[in-house]
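Biologist: Please give me a close look at one annotated spot in this protein. Start with the whole chain, then zoom in.

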Amino acid sequence: MQPKQRILNAPVYQPGKPIDDVKREFGLTEVIKLASNENPFGSSPKAKAAIVEQLDNLALYPDGASLNLRWDLADFLGVKPGQLFFGNGSDEILLMISRAFLGEGTNAVMATQTFSQYRSNGIIEGAGLIEVPLKDGVHDLEAMAAAINEQTKVVWVCNPNNPSGTIVTTSELEAFMKKVPKNVLVVLDEAYYEYVVDPEYPQTVPMLAEYPNLIILRTFSKIYGLAALRIGYGVATEELISSLEHVREPFNTGTLGQVAARAALKDQDFVKTCRDRNREGMKQFTDSFDEWGLSYYPSQTNFILVDLKKDSDEVFKKLLSQGIIVRSGNALGFPGFQRITIGTKEQNDKILSVLKEIVTGALK
C-alpha cells in the first residue's frame, strides 16, 4: 500500500525531547525542559478549577461550535461571535486554511526560516512554496509582497516569528497589506501575542475592518499555559470564517479545553504576571549573553535564539547530559544557535551556569 507520494516529502514534525526519555537515557532524576516554549508558570488556578467541575461530564460530546467560549472571546476582543474560528491548537487551523485554499496549481508565500508547519501543509496539499529569506531574523515583507504572483493563494506571516522571536512593526505590516492583492489571504500567526511588550507591535484586530483578506491566529497554548488541551483560534471576517467552517471536523475542540480557556481568559492578572516574569527571565539571559560577547535575536516571545558559535547538536547533547532540554539550531535552520525557552529564575540560573561552562570550554 502506497500513500500519496507528495506527503512523503513533508517532514515529520519533531517536538522537543520528552522529559522522561531524557531521564531514562542519562539516568537523571531531575530534568528541565526549555525546548517547546511552554509556560513554566503553569496555568491559571481558575482554569484548573473549571476542569474539575467538568469531570462528571466526560461521557458527553463537546459543544462543536464552542459557543460559550465564542461569546466570551468575542466580548474580550470586541468582535462578533461569527468572526471566530476554533481549532485543536492553532496548528489545526493552519491545516484547515491550507485544505481550504491550497492545492495543485496554487502557491503559498512564507519566510524562511519560520514555523515549519506552513511549509509542511503546503507540501501535503500539493501547492508550490515561495520562501523568502529573513532579513536580520525578521520577515522581509517588502520581498514577500514582491514574490506574490497570480497563483498565490496564501501568505504566512509569523509575528512574532518562531524561531527568531522578532517582530514586524505596525508601519511595516500596514505597508505590506496595502501591496497584497485582495484575493490573497494573509495569515498572521500571533501565537506569542500576549508576550509582546514592544509598542511598535501591530494591533491587528482593528485592521480586519479594512482588510477582509486577513485572518489572525492566536492560541491558549502559550502564555495561558493550556498546551495540553489544544485550543487555538482565528479571527477574521464572518464571510471568511463561514468558508472555513466547511473544512472543520465536528467536535474538533474538547470540553475541558473550552471551559479551561474561558476561565483562563477571565484571569488576565495571571497573564500579566507571566508576561512580567518572562521579561525578567529574558533579561537574565541577555545580560549573560552580553557579558559573554554572544549575539542573539531581540525576542518578543518566551524564548531566545542565541549564537553560541559552536556545533548546535554537540551543545544540545552536552545540555541533555546535564538534564537540560533545548532546541538545537540545526533543526531550525540556524546552525550554531540554540533556541531556549525562558523558564523560572531557578531554571534560568541552572542553564546559564551550564552554558557558561560550555562557552568557556570548562564543560568538555
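Predicted model: local features only at pLDDT ≥ 70, side-chain atom pairs only at ≥ 80, totals over all residues.

Modeller: Residues are numbered from 1 along each chain as its sequence is written, and side-chain values use heavy atoms, without hydrogens or water.

Next, the overall build. The protein has 12 helices and 13 strands. These are DSSP runs numbered from the N terminus: helices are H or I with at least four residues, strands are E with at least two. The C-alpha atoms fill a box of roughly 60 × 55 × 55 Å along the principal axes. Of the 364 residues, 53% count as buried, meaning under 20% relative accessible area with a 1.4 Å probe and protein chains only. Contact means heavy atoms within 4.5 Å. Among contacts with a separation of 6 or more, 73% join residues 24 or more positions apart.

UniProt, in an unreviewed entry, places "domain: Aminotransferase class I/classII large" at residues 30–354. Over that stretch the chain is 38% helix and 17% strand. Its end C-alpha atoms are 15 Å apart.

Now the spot itself. The UniProt record, again unreviewed, marks K222 as "modified residue: N6-(pyridoxal phosphate)lysine". Such annotations may be inferred rather than shown by experiment. K222 lies in the loop between strand 7 (214–219) and strand 8 (232–235). Is K222 buried or exposed? K222 counts as buried, because its relative accessibility is 16%. Which residues does K222 touch, leaving aside neighbours within four places in sequence? The contacts are S36, N37, N39, A191, Y192 and Y195.

Compare a second residue, I97, in helix 4 (residues 89–101). I97 has 0% relative accessibility, so I97 counts as buried too. Beyond four places in sequence, the contacts of I97 include V154, W156, L185 and V187. I97 also touches I215 and L217, and strand 7 spans 214–219. The C-alpha atoms of I97 and V247 are 8.4 Å apart, although 150 residues separate them along the chain.

Methods: Buried < 20%, exposed > 50% of the residue type's maximum accessible area, 1.4 Å probe, protein only.
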